[in-house]
Amino acid sequence: SHLSLCPPGIKCGGVLSAPSGNFSSPNFPGPYPYETECTWLIVVAEGSSVLLSFSHFELEYHAACAYDYLQVYNGASRDRGNLLGTFCGRSPPPPFSSAWHVMAVVFRSDRHVAKRGFAAAYRKGSGKGWRRWWSICPSILPHRPHHLCLPADACGGQLTGLSGEITSPRYPETYPNDVECRWSIGGAGGSGPLTLVFTDFQMEGGQGCGFDYVALFDGPTTAAPSLGRYCGSTRPPRTVSTSPHLLILFKSDFNIGGRGFKAHFYSAGECQEVFTNIKGNFSSPRYPNFYPNNLNCQWSIQLPPGYRIKVFFLDMELEGRSSLTGSCDYDHLAAFDGGTENGSLLGRWCGRENLAPVTSRSNQLLLVLHTDRNTAKRGFSIAYVGVVPMNVSCTRTDFHIQIPVRSLAQLERNRIYLGTPSCAAQVVGGNFKIHTRFDTCSTESQKRNNTSVIVSILYIDFSVGDQEDIHQYEVQCEPKRKEASATLIAGPDPSRLSQAENLVDAQQWEGGATDTREIKSQDTSDIIFISICILAGLLMVIAVVGLVLL
């Protein structure tokens, strides 16, 4: 049968057409065989749905389930758009309810590492979600799985991602009566506490929340310590577990409902961080291994007023663009100016790209990683540095540099110098000031774009102990026009950011902008021209000497 690809003598896959039944991986509870692929097609009465649950589950673990895996599909075809999930490791898949009367389950093992496998049970469901699914999903069926395509009353399950979203059944429509849902969060990969945030909440109230309510538990079961019981229209407070598990229980009684709730959870550390240091770096969860699915991670960089934030993309490989829209519709990384997603969008990226640095317009920047329910890649590694607020101006003979002391409050004035430590800043009022003539402090004259400019390097030394950390800004003046600018040329960990192209994009505070790529090509062409002249001169000398000797 085309439904069964298995070594001889091993029962594997097939069509299951009884109203209920059980099936398991080959040899269960013993180790399953290597290089096996089995497909079970579950078919119940038309107009019904298939309810599927797993009592045992243990497959070889891989971050992207690329070795041994189990897949669950809506319907008989193994189209990507019908895929409800791909699972491996020790955390069982959540209970499933199919969108119509057919469901396919695929099990595959490779040639290495065998575990105990799985045991599953199915039964015929009422099919309540069937008509709603077909009314909503025909337009999106060819593309991707979507939470709206799941049955209307589906709820609860085991959630093992580093972050995710939970909603009451039928949200934002009124939730059904006589419902009990349990979401158990944690248990795979995460070892730290979990944070739960409600973004919407409306249900029947009442003294003691005895009718409809949400109860939270600091562990995997209701026997764990209670973290609160909530009802009515007041959003519950942000809740943080003390263990790597969190249980959410939702119950409704026989009458009166509400819109329900929407909440998201995340694991502390890898997926939700705030940075306040002048420089830092971070990466996607599990980098450079494949990131998890169903993530919504946020990294917020918050620096003192006046600073801006420059972000360097050291490495990035996410799921690629949609072939239908050409946009980053699936997994993507987005940057927002300010501390929230309401800020202006600085960029949205996916696929595998070499990205130019991005600079915020304010002292706060938010990076958000969104991943969907399938296909994962290596992820990203990012470094950032705070661009120090400064005012740079010049005359025909002098540089004037001014930095607010509050922006570099921890630094002594001798940590800020132009060209050489002997040209350190002075403290005047509330500012570090450097006022120097062009013929001092290692300044030099250069020709860029056929224009004479005066150039020096401003050093800001953030070093602590043996950890050297010196930020460098190229300070430039065009004396004829009295225009000056400063460009960050070295900041976070130069050993990892050695590519000059990634480090120098002009940051201008006052006066004319500088195109560093043109500077580079101009400098290079000048060197080549001078070299050719010297070589030609040497050849002429050799020729003259040769003629004299003859």
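Reply: Happy to; a few labels follow, each set beside its cut-off. This is a predicted model, where local features need pLDDT of at least 70, side-chain atom pairs count only at pLDDT 80 or more, and totals for chains, interfaces and linings use all residues. Residues are numbered from 1 along each chain as its sequence is written, and side-chain values use heavy atoms, with hydrogens and water left out.

Me: What makes cysteine 12 and cysteine 38 a disulfide?

Reply: Their S to S distance is 1.9 Å, and a disulfide is a pair of cysteine sulfur atoms within 2.5 Å, so the label applies. Cysteine 12 sits in the loop between β1 and β2 and cysteine 38 in strand β4, so the link ties together parts that are 26 residues apart in sequence. Strands here are DSSP runs (E, at least two residues), and helices are runs of H or I with at least four.

Me: Why is cysteine 38 called buried?

Reply: Its relative accessible area is 0%; buried means under 20%, exposed over 50%, and partly exposed in between (1.4 Å probe, protein chains only). Cysteine 12, at 5%, is therefore buried too.

Me: And why is isoleucine 542 called exposed?

Reply: Isoleucine 542 has a relative accessible area of 58%, so the label is exposed. This residue lies in helix α3.

Me: How do you know that the link of cysteine 65 and cysteine 88 is left-handed?

Reply: The torsion about their S-S bond is about -80 degrees, so this disulfide is left-handed. The S to S distance is 2.2 Å.
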